[in-house]
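Good morning, colleagues. I would ask you to look at the structure on the screen while I go through its covalent cross-link and its charged side-chain contacts.

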Amino acid sequence: QVRLVESGGGLVQAGGSLRLSCAASGRTLTTGAMGWFRQAPGKEREFVAAISRGGGATNYADSVKGRFTISRDNALNTVYLQMNSLNSADTAVYYCTADTSLAHMGSPGYWGQGTLVTVSS
């Protein structure tokens, strides 16, 4: 099993920044790619970003391109999501995800419990 634990959520003003972290433990050798989804109030979960095992390939949702940056530190089994220029539409619970490869990150097999990000206007 793989355990994913998010941190770094909180309240931020519009235009501000936050960095989310997600630490993976357990059978981390099975987690090739890692990423993030989010779920806003009253909406379905949506893909945000993903990164390959080596960090050389990334994917982003159109809504966050140019504002969010995903990165990872494999020595720490940790993935990060740097979020800049936040706006109210970014308010959501953010979930860390993982799967064997980037190709599977549209429907990943492993999920964290989520961390809440609230952007105040």
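**Disulfide and salt bridges**

Let me begin with C22, which counts as buried at a relative accessibility of 0%. Please keep in mind throughout that this is a predicted model.

The partner of C22 is C96: the two form a disulfide, with 2.0 Å between their sulfur atoms. C22 belongs to strand β3, residues 18–26, and C96 to strand β9, residues 92–99, so the link ties together parts of the chain that are 74 residues apart in sequence. As for geometry, the angle about the S-S bond is -80 degrees, and the link of C22 and C96 is left-handed. The count of disulfides comes to one.

I turn now to the charged side chains.

R38 forms a salt bridge with E46, where the closest N and O atoms are 2.6 Å apart. Which of these two residues is buried, and which is partly exposed? R38 is the buried one, with a relative accessible area of 5%. E46, by contrast, is partly exposed, at 34%.

R38 also meets the side chain of D90 in a salt bridge, at 2.9 Å from N to O. This pair connects distant parts of the chain: R38 is in strand β4, residues 33–39, while D90 is in the loop between β8, residues 78–83, and β9, and the two are 52 residues apart. Both R38 and D90 are buried.

D90, in turn, forms a salt bridge with R67, and here the closest N and O atoms are 2.7 Å apart. D90 lies in the loop between β8 and β9, whereas R67 lies in the loop between β6, residues 58–60, and β7, residues 68–73, so this contact ties together parts that are 23 residues apart in sequence. The relative accessible area of D90 is 1%, which makes D90 buried. R67 has a relative accessible area of 15%; because the cut-off for buried is under 20%, R67 is buried as well.

What do these contacts form when taken together? Through salt bridges that share partners, R38, E46, R67 and D90 are joined into one network.

To close, I would ask you to keep two items in view: the disulfide of C22 and C96, and the network of R38, E46, R67 and D90. Thank you.

How values were computed. Residues numbered from 1 in each chain as written. Predicted model: local features only at pLDDT ≥ 70, side-chain atom pairs only at ≥ 80, totals over all residues. Heavy atoms only, no water. Disulfide = S-S within 2.5 Å. Helix = DSSP H or I, 4+ residues; strand = E, 2+ residues; numbered from the N terminus. Buried < 20%, exposed > 50% of the residue type's maximum accessible area, 1.4 Å probe, protein only. Salt bridge = Lys/Arg side-chain N within 4 Å of Asp/Glu carboxyl O.
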